[in-house]
Amino acid sequence: MAVEETLVLVKPDGVARGLTGEILRRIESKGYSLVDLRLVQAERDLLERHYAEHEGKPFYEPLLEFMESGPVVAIRVAGERVIEGVRALMGATDPTTAAPGTIRGDLGRDWGLKVQQNLVHGSDSPETAARELDLWFR
Ligand code: RTP
Ligand code: MG
């Protein structure tokens, strides 16, 4: 099994709540390596490209507004099967029902807003990871 790389984003809610360190701790404690990391105020153009697959969905506009509402921490993470591994660490998309033990399950909840604010993003396939790492770490 070759070493893979994935993109993790600590979303604006995670940064604003001071959870960046806790999220990094979970990734590092699992044994994955941090390869690169930057604090980014994402521009519209980058977010449109990042979330192109969701264009036209009801949560698309609120999602972009949320993602540009404050800085995000972009992290290049490496390890064997790290793409799957980070998705497992994050938990399900909806933080209310995400399993306890996961980042979203332990630290997230519904805030009654137009879009799910769920603290983290992780690439969902090798193709997506390559595309997203290129966008955030060019
Ligand atoms: P992500 O892409 O951020 O890692 O999350 P994901 O794969 O678990 O979820 P995805 O389906 O790709 O959706 C992207 C992000 O959009 C927001 N979302 N809100 N119904 C809603 O309110 C809703 N659905 C999706 C979440 O922030 C989700 O992570
Ligand atoms: Mg996704």
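Predicted model: local features only at pLDDT ≥ 70, side-chain atom pairs only at ≥ 80, totals over all residues.
Start with the helix pair: α2 and α5 pack with their axes 11 Å apart, at an angle of about 135°. As for handedness, α2 and α5 make a right-handed crossing.

Zoom in on the contact and you'll find R26, I27 and K30 on the α2 side, meeting G85, V86 and L89 of α5. Sorted by class, the contact of α2 with α5 comes to three nonpolar, two charged and one polar residue.

Now for the sheet. Strands of a sheet pair through backbone hydrogen bonds, in either a parallel or an antiparallel way. Here there are four strands in an open sheet, ordered β2-β3-β1-β4, and the pairing is antiparallel. β2 (33–40) and β4 (120–122) are the edge strands, each pairing on one side only. From one strand to the next, the twist averages 20°. Helix α2 (residues 20–30) packs on this sheet and touches β1 (3–10), β2, β3 and β4, with its direction at about 165° to that of β1. Helix α5 (residues 82–90) lies across β1, β3 and β4, and runs at about 35° to β1.

L39 stands opposite V73 in β3.

Last, the ligand. Which residues surround ligand 1? They are F59, L63, T93, V115, Q116, N118, H121, G122 and D124. That shell divides into five polar, three nonpolar and one charged residue.

Conventions: Residues numbered from 1 in each chain as written. Chains lettered and ligands numbered in written order. Near = placed C-beta within 6 Å. Nonpolar A, V, L, I, M, F, W, Y, C, P; charged D, E, K, R; others polar. Pairing = 2+ DSSP bridges. Helix = DSSP H or I, 4+ residues; strand = E, 2+ residues; numbered from the N terminus. Axes fitted to C-alpha atoms, helices over the stretch in contact; angles between N-to-C directions. Contact = placed C-beta atoms within 7 Å. Left-handed = near helix turned anticlockwise from the far one by under 90°.
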